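Dear colleague,

I am handing over the structure below, and would be glad if you could look through it before reading my notes.

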Amino acid sequence: MAATSVLPVDLNAFILGMEHDIAFFAEVIGDKSTFERFVMASEARKEAITSIFWNEQKGQWLDYWLNYSNSCSEPYIWDTLNQNQNVYASNFVPLWINPFYSDASMVRKVVNSHKHSGLLQASGIATSLQNSGQQRFVVAFLRGPYLNL
């Protein structure tokens, strides 16, 4: 699958966090126009994260795979079947971004899902449980921006 066909939940969560930060600092310095623009952008992104990535049954946010079988002249139709059902640490990133961590019932659901995901290992949190079959299976543990989670 081409990278251009994947809508990643973690990237969108990090962008949402950035939009919140820009709005905060714009408000602090009194730039009302920038503040309003980034508040509106963050509200739209939160709605998109909830409507496109959230999977109520799994209690996780899932990456979304675009299906280009439609012609460009037809509107794209969202389909739950295009959510990547595999478990990744990135599925849980929105939990660390406000406004998601301020919803207590969602937090309970996501934390319970994470506890039962298989990602929690004795030596840390695995990024994935996937075995590509092309190499000896070694669980990769969190690196980079995920270490701060």
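The mean pLDDT of the protein chain is 84, with 79% of its residues at 70 or more. Confidence is highest in α1, at 97, and lowest in strand β6 (residues 124-125), where the mean is 82. Where pLDDT is low, the predicted coordinates should not be read in detail.

Helix α1 is made of 21 residues and spans 31 Å from its first C-alpha to its last, which is close to the 30 Å expected at 1.5 Å a residue. Several of its residues are buried, among them V9, L16, G17 and A26, and the buried residues of α1 pack against β1 (6-7), α2 (32-53) and β3 (60-61).

I29 also belongs to α1, which covers residues 9-29, but I29 counts as exposed because its relative accessibility is 67%, above the 50% cut-off. Together with F24, F25 and V28, I29 makes a nonpolar surface patch of about 460 Å². Just after α1 comes G30, which takes a positive phi of about 85°.

S33 lies in helix α2, and is partly exposed because its relative accessible area is 48%, a value that falls between the 20% and 50% cut-offs.

With best regards

Notes
Residues are numbered from 1 along each chain as its sequence is written. This is a predicted model: local features need pLDDT of at least 70, side-chain atom pairs count only at pLDDT 80 or more; totals for chains, interfaces and linings use all residues. Side-chain values use heavy atoms; hydrogens and water are left out. Patches are made of residues with over 30% relative accessible area and no salt bridge: like charges are joined within 9 Å, nonpolar side chains (Val, Leu, Ile, Met, Phe, Trp, Tyr) within 5 Å. Accessible areas come from the Shrake-Rupley method with a 1.4 Å probe; for residues, only the protein chains shown count as cover. A salt bridge is a side-chain nitrogen of Lys or Arg within 4 Å of a carboxyl oxygen of Asp or Glu. Helices (H or I, at least four residues) and strands (E, at least two) are DSSP runs, numbered from the N terminus. Buried means under 20% relative accessible area, exposed over 50%, partly exposed in between (1.4 Å probe, protein chains only). The expected span of a helix is 1.5 Å times one less than its number of residues. Contact means heavy atoms within 4.5 Å. pLDDT is the predictor's confidence in each residue, from 0 to 100.
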